[in-house]
Amino acid sequence: MNNPATPRSATASPHRLTALIATLRQSRMFADLAPANLAAVAEGCSIKTLQKGEILFHEGEKADGFFVLQSGRISIFRLTPDGREQIICVFSPPESFAEVVLASAERYPANAMALEASQVIRIGKNHFRDLIRQNPELALHMLASMSMHLKHLMQSLHEIKGLQIESRLAAWLLEHCPAGGRADGPASFVLPVSKKILAGQLGVTSETLSRTFARFRKDGSIRVEGTVLHLLDRQALKARADGV
């Protein structure tokens, strides 16, 4: 891939190609690729727009590419035997996902759904594999990206297994608390995901999450106003997060 051919999309739609390359450049997977190599990757890309709740791919569906999120948020989930959605990860721009299909997976191992109006860049599996054969450096980028996802998943599983729901929720609230002000002072922020999605991320049912929020409200740790969360006692939340 020392002298990649001029991307076909450059002639057909230079503005589209420029936007694609700009988004790909922001992704960890492609951040330090040479311009010519990144343009060659963009040649095999297409853009898909999704409405809130629309499925990008289903578990078991034939895998023909992986994705970089341009806008919105994408939830990766599986269905439990009793029909509940078990959230594996939620991706935000400009993260990449589903790279596992480049290795050996012929079918997607989970479902992907837009949590809000979203736009994704699909990178064709066969096209990218051809580029890897020409430039093994791309394989290293792919492995680095997949290892980051695996690390995140293992950390999430460890936290879910090792902590009670009160501890997990308290840790999540503190993690998403905005910076600034006194470390132990009150703080407020808008819930970035629905409570259903949050329940899935924490590995509990929506009912269990609601009961836990109610306990936090009762003991004065938080106040909830619609989608706005007010952390009133961060010291108490930290104690819960630490399992005290």
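**Figure 1. Contacts and overall composition of the predicted model.** Of the contacts (heavy atoms within 4.5 Å) in the protein that link residues at least 6 apart in sequence, 71% connect residues at least 24 apart. This is a predicted model, in which local features need pLDDT of at least 70, side-chain atom pairs count only at pLDDT 80 or more, and totals for chains, interfaces and linings use all residues. Residues are numbered from 1 along each chain as its sequence is written, and side-chain values use heavy atoms, with hydrogens and water left out. The protein contains nine helices and 11 strands; helices (H or I, at least four residues) and strands (E, at least two) are DSSP runs, numbered from the N terminus. Of the 244 residues, 41% are buried, where buried means under 20% relative accessible area, exposed over 50%, and partly exposed in between (1.4 Å probe, protein chains only).

Figure 2. Zero disulfides (pairs of cysteine sulfur atoms within 2.5 Å) are found in a search of the whole structure.

**Figure 3. Close-up of helix α7 and the residue that follows.** Helix α7 spans residues 195-202, and its buried residues are Ile-197, Leu-198, Ala-199, Gly-200 and Leu-202. Gly-203 comes after α7 and has a positive phi, near 75°.

Figure 4. Ala-22 lies in helix α2, residues 14-26. Ala-22 is classed as partly exposed because its relative accessibility is 38%. The C-alpha atoms of Ala-22 and Leu-38 are 9.7 Å apart in space, with a separation of 16 residues in sequence.
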